[in-house]
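Subject: Structure handover, salt bridges

Hello,

Please find the structure below. My notes on its salt bridges follow.

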Amino acid sequence: LKSSLGFKMDKNHRVQVLIFHTHCCESYLQDDTGYYPADYYPRTTDNSKNVTSVGDEIEKQLKLAGIGVIHDKTKHDYPSYNGSYDRSYDTIQKYMDKYENIKVVLDIHRDALGEGGESGKVKPVFKYKGQKTAQVMIMTGYNYEGGGYFPFWEENLRFALKLQKTAEDMYPGLTRPLEFGEYTYNLNVCNGSLLIEVGTDANTLDEAKRAGKMVGKALAKVLQNN
């Protein structure tokens, strides 16, 4: 936490943050009924109901803070789920080639915890000012054998820790424990890349969007103080 980030934001460049979704079609419940419908299918191409709506909230907060951002809504997981990360990698490279000053690359997802039936689904939630809000999990990996080129994983980890700490200071209870493991998930594209899971399929869209707004505010603070 005391170490500096591996990148510096430049106020003279308009686009420095890329938001995208490897699994764009991940969706949320529409209503907080207290149960998980057995016939609910947690995926949709409707951007008003899927995880891109959460990306919109993050994008809004960054723009309000004067931080240049691109929000890509390509459906990398439709019509085929297989190969989603290969397709999202191509999208990342397209934008990084076009905007050479991109420093931060965020893959925003929706998690899924637990099973249906008697075991039940898990709904990670906390209350902020009396409103239920989805919890988020920040993910980053490290350099391991067979995982591909990832020399700056420690700088990504610093970024993840700073965002986690800032988010918790601003909104206690917003974050689940940080997930740090043996994976890449395209996080090795730059030293300011993170994967963030916002809620699960048992959260409502409103709960997830509130979380997205908070993540955006915390991220803006981290970047402005860098």
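Asp77 is buried, with a relative accessibility of 2% (buried is under 20% relative accessible area, exposed over 50%, partly exposed in between, with a 1.4 Å probe and protein chains only). Its side chain meets that of Arg43 in a salt bridge, 2.7 Å from N to O (a side-chain nitrogen of Lys or Arg within 4 Å of a carboxyl oxygen of Asp or Glu). Asp77 sits in the loop between β2 (69-71) and α2 (84-98) and Arg43 in the loop between β1 and α1, so the pair ties together parts 34 residues apart in sequence (helices are DSSP runs of H or I with at least four residues, strands runs of E with at least two, numbered from the N terminus). Arg43 is partly exposed, at 21%.

This is a predicted model: local features need pLDDT of at least 70, side-chain atom pairs count only at pLDDT 80 or more, and totals for chains, interfaces and linings use all residues. Residues are numbered from 1 along each chain as its sequence is written, and side-chain values use heavy atoms, leaving out hydrogens and water.

The count comes to ten salt bridges. One of them joins Asp32 and Lys123, with the closest N and O atoms 3.0 Å apart. Asp32 is in the loop between β1 (17-20) and α1 (52-64), and Lys123 is in the loop between β3 (104-111) and β4 (125-128), 91 residues apart. Asp32 is partly exposed at 42%, as is Lys123 at 25%.

Regards
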